[in-house]
Each structure stands twice: as C-alpha cells, then as structure tokens.
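Colleague: Can you put the model up? I have some questions about it.

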Amino acid sequence: QARPPFPTLVPKNVRTGFFERAELDALLAELPEHVRAAVTFMYWTGWRRNEVLSRQWQHVDPVIGVIRLESGETKNGRGRDFPYVQIPELATAMEAQRRYTDAAQRRTGQVVPWIFHKNGQRLRSIRNPWKKACARLGITRIPHDFRRTAVRNLVRASVSEKVAMELTGHLTRSVFDRYNITTDRDRRDA
C-alpha cells in the first residue's frame, strides 16, 4: 500500500538576529545590575532564557568551574554542562553573582538558592528591563538571539561543531545550521 506524499514544511519565520560585541556592551550598560549577569551568561552559553533563570547554586561545581542542566530540564530532555571557567568574562560574572548572592543572604538572613535573582527573589523574567534597554538603544533584539550568537561565536573560535552543539543543546544538524549564521565579515575573514 502506497503512502500519499506529504509536503515538506519550510519555516518561513526563521530569525536571523544575533549580537555583535559592541551591541552586547551597549545593552549591558543599559540594563539594571541584577540582570547583567544573566544576560552575560546567555550571550556566552546560548542557553535558553528559562534554562538560565532556573539555575540554582546546586547546579554549579565551582571546583571545576562547570554549571549544569540536569536531564529533563531542557527542551530536548537531555542534560548538559558548560565549563564557564574557561571564559574569563563568564567566570568573572559568576564570581560576582556569588558575591551578590552572599550579600543578599546576609541582608535577608535567608538562603538564596537562585544564581540569578533580585535581592534574593528568583529572577523569573528579564522582559521589562530588556525592552526598556533595547528601546533606549534603538535596537530590536530578543534574548533568543543569544542562541545564534553563541553558536556563531563558538564556530568562530574553532570549537568543533559537535562540541558546539553539545554546549548549546542542539540535537540536530539542521537546527544547528539554522543558528550558525555567517556574515559578510565571516566571508571576508575566510
């Protein structure tokens, strides 16, 4: 018995936005201090916003400098680790966030389990400060643009594509390729 043909769906809403370093620096300068570390983390890791904002200190191994997502906490169900200590700017942001957390714990007298928080309260969204900062800068970006940025930056840094896929959580080559955006500069540099 023959199967009827099924049309192949081609996504028509493919986003192509990503951050250049100067844009990130301008955005960080406009954001409130309690949001900056989370945004820095998203820029370097390419992790989804909810994956980042749900991280607790129990997910960090400061001895080896790794932060992890457990199996079942990701869109694809697979856990992953990111060796943040290998990126000085990210390691500095994590250390500063630890100091911020320690200060909040001393001030409130309560344990703060969240890595990214505002005065001890879990940071559930960055939408409002993000929109305001982008409006002041005149840019139209969304946090998910960091996924494309991280993929592009890892590839530019000569990280093997297999390792880059593992770090960012991309399971399929086709999705990874959609995120691996090249620019005129990339073509000129090649």
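Modeller: Accessible areas here come from the Shrake-Rupley method with a 1.4 Å probe, and for residues only the protein chains shown count as cover. This is a predicted model, where local features need pLDDT of at least 70, side-chain atom pairs count only at pLDDT 80 or more, and totals for chains, interfaces and linings use all residues. Residues are numbered from 1 along each chain as its sequence is written, and side-chain values use heavy atoms, with hydrogens and water left out.

Colleague: What does the accessible surface of the protein come to?

Modeller: About 11,200 Å², with 52% of that belonging to carbon and sulfur atoms. Of the 190 residues, 43% count as buried, where buried means under 20% relative accessible area, exposed over 50%, and partly exposed in between (1.4 Å probe, protein chains only).

Colleague: How many helices and strands?

Modeller: There are 9 helices and 5 strands. Both are DSSP runs numbered from the N terminus: helices are H or I with at least four residues, strands are E with at least two. The order from the N terminus is α-α-α-β-β-β-α-β-β-α-α-α-α-α.

Colleague: At what angle do α1 and α2 cross?

Modeller: Roughly 165 degrees, and the axes of α1 (residues 21-30) and α2 come within 10 Å. That makes α1 roughly antiparallel to α2. Axes are lines fitted to C-alpha atoms, for helices over the stretch in contact, with angles from 0 to 180 degrees between N-to-C directions; over 145 degrees counts as roughly antiparallel.

Colleague: Which residues meet there?

Modeller: From α1, Arg21, Leu24, Leu27, Leu28 and Ala29; from α2, Arg36, Val39, Thr40, Tyr43 and Trp44. Contact means heavy atoms within 4.5 Å.

Colleague: Now Thr45. Buried or exposed?

Modeller: Thr45 counts as buried because its relative accessibility is 0%. Thr45 lies in helix α2 (residues 33-45). Not counting residues up to four places away in sequence, Thr45 touches Phe82, Leu90, Ala150, Leu167 and Thr168.

Colleague: Which backbone atoms does its side chain reach?

Modeller: A polar atom of the Thr45 side chain lies 2.8 Å from the backbone oxygen of Phe41. The Thr45 side chain also reaches the backbone nitrogen of Trp47, at 3.1 Å.

Colleague: And Leu137, where does that lie?

Modeller: In helix α5 (residues 127-137). Leu137 is partly exposed because its relative accessible area is 30%.

Colleague: What does Leu137 touch?

Modeller: Leu137 touches Ala26, Leu27 and Glu30, not counting residues up to four places away in sequence. Its C-alpha atom is separated by 8.9 Å from that of Glu23, 114 residues apart along the chain.

How values were computed. Polar contact = N/O pair within 3.5 Å; in protein donor to acceptor, adjacent residues only side chain to side chain. Parallel < 35°, antiparallel > 145°, perpendicular 65-115°, else oblique.
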